[in-house]
Amino acid sequence: MVSSQLPSSASGWSDWFDSNYEDDMPKRKVNEEFNHSLLHLRSGIQLKKRKTGKRESIIYNARTRYCQYNELMSPCFKDVSILDNDTSKLLITKKTKNYGQLRKNLPNEEYSLDKLSTELDLSILLTDKNYFPCLIDITTYFRKLASIYLYDVFYSGAVPYLIKFLDIKTILKYVNLNKNDYDLLEKLNIPTHEQTVESKIEINNSFVYHHSDLKPTVTKSQIYHLQLESLLCLTQIMSEFDTRISIVYEATPYFIELLKCENSDIFQQAIWTLGIIIEECVEFRDHMLFFGAMKVLVNNAWPLASYSLISTRSFAWVLSHCFKFANWEFVKDGYPTLCDLLFHDDEQIQTDVCWAFSCVTQIPGTISVVVETKGILERILHLCEYSSNTTITDSALAIISDITLMGTEHEIKALLDLGVLKVLQNTLFHTAENTKKGSVWIISNLTGGSQNQIKEVIDSGVLGTIVDYLNTQDFEIAKECTCVISNVLNGGSKDDIKRIVKTYDNVIEALVRFLEVKDKEVLGMLLSGIEAILKVFNIDKIDVEYNLLIEKMFHHGVDTKIQNLLWHEDEEIVKKAISIDLFL
């Protein structure tokens, strides 16, 4: 149980942490499975808890504040509270989000959370050189407390300090970097004061690192530890939309800079934090893109992420959400990388990237880009036909649908030449109803085009399945099939119409039977199709084919159904019914 006596000063926090809770931290493992525990679940901003093997406690010496581990430790997500058991139960039961209530139950009023947040001030390092490990302690404590009392941490005043910790340049203003870690300065292109003096280069509005005896010396591992704890805490706080707004607009440049970090834990967490922000709100996404997030993702994050499957998945997820309702000028730099990811073998990556491409084709002027990119259409058709994942298939169908609906005749012909109708012949028999409907919708788009497109649809043989689907129990699919037949009969040549009627014996039966539906749109298409057939066959009323056609229609009750439609409430349907009645 936590001690009821809180430290009376900042210098006592190290002993207090040792005596009140054991901050078990497993050493960072190399394997990707453990690194994945640092990520957030997509369904929410809920941190994963994972059992680990051997654990090593981090012990701080109050006098020297020397940390006994030499590498960055990955935090285990363990909820702690400064309240005793009875008080904690009381607050959790009441779901208290009121900071005043929390203050009343604190054992020591002097060290309430708003007072504790002031201990995150980096300027304290200038008066106490041994304070940096304690700074990590307090940040870790806020991170753990945020998982229970999110709003209390948010209103405590700690957030501005935590955001500052994300900027390594701000930290370096108050600390000296261990000379063995000067490679960090080179990677971040931060010049030292000595370098500027020797080279006599004038630096304007740029950060220059100064070594000073007044500042404490820390390692880059300690800095990374502080940044990771801050990032985790801020991510927890951003789980609520109202707390997210103020953090996003202030911390955006720092989130983007962390995508360049060489530390794998910080990099992965930064990717996921950025993904959560982008996924939740288009305005936040545009704000990130405005600050150059796409270039950093492509030029810095992608090379780092490509070495790990988990990182690649995270990267693909974030990149995909950048294309949703996006301005093409902001995201076009990421398109080549998106194309590369489309050929990845991982199913989860394929799912995200296919969905992203379905967003790309909805951006004005981008269909030509997709069609002209070598190998992309072939890959999309391949995934559409052979993927066992329904989500991937549906996303691929959405891409094809956009091209057939909004593309030029040249772009649609490119699809037809690659065998899109053969693919659709297979997807029409998919077990998922949405996939069937999407396939029929594409065929409807094709038959709504030129006569050449209609002829290719007829030649492919897919209309046989479409006619059979007119008898399906699923009205939505049957409705789309009605649209296909109507498009063919109204847009096709006379030879095409005769060919359909003669080839598919049940097309007349299906059209007449469907005249009983209530949907006005479907009725209109059916009547237009029947009228088109009668016009083509009515070349000579003594023609044998025409007489056989009329006889077949009467056999299925067309006369009764047309007579009923003469009294329909819709004037357009009545006009079409009268026109057909004259033929009969």
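The structure is a predicted model, in which local features need pLDDT of at least 70 and side-chain atom pairs count only at pLDDT 80 or more, while totals for chains, interfaces and linings use all residues. Residues are numbered from 1 along each chain as its sequence is written, and side-chain values use heavy atoms, with hydrogens and water left out.

**Whole chain**
- The chain holds 35 helices and four strands, taken as DSSP runs numbered from the N terminus (helices H or I, at least four residues; strands E, at least two).
- Of its 584 residues, 54% are buried (under 20% relative accessible area, with exposed over 50% and partly exposed in between; 1.4 Å probe, protein chains only).
- Carbon and sulfur atoms account for 50% of an accessible surface of about 26700 Å² (Shrake-Rupley method, 1.4 Å probe; for residues, only the protein chains shown count as cover).
- Among contacts (heavy atoms within 4.5 Å) between residues at least 6 apart in sequence, 72% join residues at least 24 apart.

**Helix H30**
- Asp496, Ile497, Ile500 and Val501 are buried in helix H30, residues 494-503.
- Seen down the axis of H30, these buried residues fall within an arc of 130°, so they line one face of the helix; the arc is that of the directions from the helix axis to the C-beta atoms.
- Exposed Lys494 and Asp495 sit on the face of H30 turned away from its buried side.

**Tyr249**
- Tyr249 lies in helix H13, residues 241-258.
- Tyr249 counts as partly exposed because its relative accessibility is 42%.
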